[in-house]
Amino acid sequence: MDSEEGPRPPSRPTHAILEIVPQLDPTPRLAIDPASVKVNLTAGTGVEIDWKDGHRSSYTFPYLRDACPCALCDDEREKSGRKPGEPPKLAPGALPLFKAAAKATAAEQVGKYALRFAWNDNHDLGIYSWAYLREICPCGVCDRSKAE
Ligand SMILES: [Zn+2]
Ligand SMILES: [Zn+2]
């Protein structure tokens, strides 16, 4: 006899701040792992990551959106010669279109190595690995070492 009413997953409350407790690969790796990850969904302020080596990164949502690592966005950046996180350039003479600032509407951890965001423009293909996030850290120190 089959019962129609299976156990239902509890409805998830929306948190002002999504604290992701990173599930990490138990095998030691050279890749940098985060110690804590905070996604400020409601405030819309962005993402803060404390890394295990003591470094701290904070990203705004528009920066992360413009750094989306999916093939589509990557291709688009390649064609326009943008670096990850750099906003799209306007074609000469083009009028700026009003675009709502990028904001993440949801975030989740993917496997043990990455974050995935759903953006307010309905894009959610990018998988941001810890290594990628560390690589695009916008802080002055990392930015300087990248420029060299
Ligand atoms: Zn993308
Ligand atoms: Zn940094």
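Q: Which residues does Val 47 touch, not counting residues up to four places away in sequence?
A: The model is predicted: local features need pLDDT of at least 70, side-chain atom pairs count only at pLDDT 80 or more, and totals for chains, interfaces and linings use all residues. Residues are numbered from 1 along each chain as its sequence is written, while chains are lettered from A and ligands numbered from 1 in the order in which they are written. Two residues are in contact if their C-beta atoms, placed from the backbone, lie within 7 Å. By that rule Val 47 touches Lys 38, Val 39, Ser 58, Tyr 59 and Leu 64.

Q: How many residues does the largest nonpolar core have?
A: A nonpolar core is a set of buried Ala, Val, Leu, Ile, Met, Phe, Trp, Tyr and Cys residues joined through C-beta atoms within 7 Å. Those with the most contacts inside the largest one are Val 39, Val 47, Leu 64, Ala 104 and Leu 133. The elements giving two or more residues to this core are β2 (34-40), β3 (46-51), α1 (61-66), β6 and α3 (130-135). The number of residues in the core is 19.

Q: What share of the protein counts as buried?
A: A residue is buried if 20 or more other C-beta atoms, placed from the backbone, lie within 10 Å of its own, exposed if 12 or fewer do, and partly exposed in between. Of the 148 residues, the buried share is 15%.

Q: What pattern does the protein follow along the sequence?
A: Helices (H or I, at least four residues) and strands (E, at least two) are DSSP runs, numbered from the N terminus. The protein has four helices and seven strands. Along the sequence they follow β-β-β-β-α-α-β-β-β-α-α.

Q: Which residue is the bridge partner of Ala 106 in β6?
A: Two strands pair if DSSP finds at least two bridges between them. Strands β5 (residues 104-110) and β6 (residues 114-119) are antiparallel and share six bridges. One of the residue pairs is Glu 108 with Arg 116. For Ala 106, the partner in β6 is Ala 118.

Q: Which residue takes a positive phi in the hairpin of β5 and β6?
A: Three residues lie between the two strands of this hairpin. The positive phi, near 55 degrees, belongs to Gly 111.

Q: Which strands stand at the edges of the open sheet?
A: The sheet has three strands in the order β5-β6-β7, with antiparallel pairing. Three bridges join β6 to β7 (residues 127-129), and Ala 114 stands opposite Ser 129 in β7. Each edge strand has a single partner, so one side of each is left without a neighbour in the sheet; these strands are β5 and β7.
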